[in-house]
There are 2 protein chains.
Amino acid sequence: MTDPTLPNLSRLRGFIGDFTRLVERRGDDEAAILDSGRGLLAGLVALDDWLPDAYAQPDPVHYRQYLLHCDPHERFSVVSFVWGPGQRTPIHDHTVWGLVGVLRGAEHSQRYELRDGPPIPTAADRLPVGSVEAVSPRIGDVHAISNALADRPSISIHVYGGNIGAIRRSVFDPLTGERKPFISGYANSALPNLWDRSKPVPQAA
Amino acid sequence: MTDPTLPNLSRLRGFIGDFTRLVERRGDDEAAILDSGRGLLAGLVALDDWLPDAYAQPDPVHYRQYLLHCDPHERFSVVSFVWGPGQRTPIHDHTVWGLVGVLRGAEHSQRYELRDGPPIPTAADRLPVGSVEAVSPRIGDVHAISNALADRPSISIHVYGGNIGAIRRSVFDPLTGERKPFISGYANSALPNLWDRSKPVPQAA
Ligand SMILES: [Fe+3]
Ligand SMILES: [Fe+3]
Ligand SMILES: [Mg+2]
């Protein structure tokens, strides 16, 4: 039985199973996780038929982050980031590996290098739908992301090497470089129930 | 920072971490899982400060089952069962191991043996708050549970050796023993977000 109006939760459920197996196998081999994880995330964002609307809602003022799944041992988390038109993150770090896959719209990524004084802009990229970018303390951990579209929301799916909403990390003043402590939390107190297989499953595309 | 009006989600989060480690270590050693799992579940239901109200709501007509957590590999699930006054399950099986821990109120458990004809009642037990009962195909898998209280809801927390809402199992006609296929599903399309540690955490009791 299929209903094309229902989100195809089996896609996210499969991704979570696959990513759980990846961290079980590769543990803290960050390079291996980013390498294989990039492929898994590219597969997840290749089709936009699975994200429930509740986790795709922009806020009028700020970008939003909705937790979709946290590994029970907090080895990784999966988060839906929603940017309204003109919205952007502060300049921030992660302290763990992270993968950003664009599901809807387009995003702009600006990377920074930290020295004394203001953060120094380095690579800038436009991230189209389907693209995946990686960050980590090893490969470059400081960036700001913004919606590249002026007329509609953009959404990306992020995977991090920890429970990102609970990690003590930093934001940086763009003019002075001053570092401020930051724990992001999540916008949502309820997660999608991916496990009710008694509900109709939409046809996989 | 503590707020006694907020559910103490850290208790459920800790239980899920502990139970995940248990199934990782013991795999399909059902006796070992029931033995250690019974202690973990007794610890979870020993204090009634953690279940969010959304997963404690009775339905006017039928008992309800709310998924609280499903293991990403579907090795186990944790479910809140809420019985209004007078409500009961049909006679049913599970096909996997299960643990029932009473969190609030009191329940009545009636076990059955299956032969030709109507199910044969065997052990009957009143399950007070804090008690834990086990079922499985090995130790006896067919029972019916009802609210033992006529004037208020009772709630028990169940743990099963699979994604119980998705498992093909059976209910049995009490008069004829006729077996009918049954996939229970879940009452909820959203799960509690246990992972936002940026929220105030209530004082552990
Ligand atoms: Fe970031
Ligand atoms: Fe049962
Ligand atoms: Mg007895």
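Mentor: Before we start, a polar contact here is a pair of N or O atoms within 3.5 Å; within protein, one must be able to donate a hydrogen and the other to accept it, and residues adjacent in sequence count only if both atoms are side-chain atoms.

Trainee: Okay, where does that come up? Which side chain does His92(A) make a polar contact with?

Mentor: With the side chain of His94(A), at 3.1 Å. Keep in mind that this is a predicted model, where local features need pLDDT of at least 70, side-chain atom pairs count only at pLDDT 80 or more, and totals for chains, interfaces and linings use all residues. Residues are numbered from 1 along each chain as its sequence is written, chains are lettered from A and ligands numbered from 1 in the order in which they are written, and side-chain values use heavy atoms, with hydrogens and water left out.

Trainee: Got it. What coordinates the iron ion (ligand 1)?

Mentor: His92(A), His94(A) and His143(A), each through NE2, at 2.1 Å. Donors are N, O and S atoms within 2.8 Å of the metal (3.2 Å for Na, K and Ca); water is not among the atoms, so sites may look incomplete.

Trainee: How are those donor residues spaced in sequence?

Mentor: The pattern is H-x1-H-x48-H.

Trainee: Is His92(A) buried or exposed?

Mentor: Buried, with a relative accessible area of 8%. His94(A) is buried too, at 1%. The cut-offs are under 20% relative accessible area for buried, over 50% for exposed, and partly exposed in between (1.4 Å probe, protein chains only).

Trainee: And where does His92(A) lie in chain A?

Mentor: In strand E3, residues 91-92. Helices (H or I, at least four residues) and strands (E, at least two) are DSSP runs, numbered from the N terminus. Leaving aside neighbours within four places in sequence, His92(A) is in contact with residues including Asp141(A), His143(A), Arg169(A) and Phe172(A). Contact means heavy atoms within 4.5 Å.

Trainee: Now chain B. Which residues are the protein donors of the iron ion (ligand 2)?

Mentor: His92(B), His94(B) and His143(B), again by NE2, lying 2.1 to 2.2 Å from the iron ion. Their spacing along the chain is H-x1-H-x48-H. Two of them link distant parts of the chain: His94(B) is in the loop between strand E3 (91-92) and strand E4 (98-104), while His143(B) is in strand E8 (residues 143-147), 49 residues apart.

Trainee: What are the relative accessibilities of that pair? I mean His94(B) and His143(B).

Mentor: His94(B) has 1% and counts as buried, and His143(B) is buried at 2%.

Trainee: Switching topic: how can chain A be laid on chain B?

Mentor: By a turn of 180° and a shift of 0.0 Å along the axis, with an RMSD of 0.0 Å. That is the relation of a two-fold axis. In chain A, Leu191(A) has the C-alpha nearest the axis, 2.4 Å from it. The same surface serves both copies, as 100% of the contact residues of chain A recur in chain B. The superposition is by least squares on the C-alpha atoms of residues with pLDDT of at least 70 in both.

Trainee: How many residues does the contact take from each chain?

Mentor: It takes 29 from chain A and 30 from chain B. The buried area is about 2,200 Å², with carbon and sulfur atoms giving 56%. Pro72(A), Asn193(A) and Trp195(A) supply 30% of the area that chain A buries against chain B, more than any other three residues. Buried area here is the accessible area (1.4 Å probe) that two parts lose on being put together, summed over both.

Trainee: What about the core? Which members of the largest nonpolar core touch the most others?

Mentor: Of its 94 residues, those are Phe19(A), Ile157(A), Phe19(B) and Ile157(B). A nonpolar core is a set of buried Ala, Val, Leu, Ile, Met, Phe, Trp, Tyr and Cys residues joined through side-chain atoms within 4.5 Å. Not counting residues up to four places away in sequence, Phe19(A) touches several residues, among them Ile33(A), Phe76(A) and Trp97(A).

Trainee: Last one: where is Thr95(B), and what is its phi?

Mentor: Thr95(B) is in the loop between E3 and E4 of chain B. Its phi is near 75°, a positive value in a residue other than glycine. At 37% relative accessibility, Thr95(B) counts as partly exposed.
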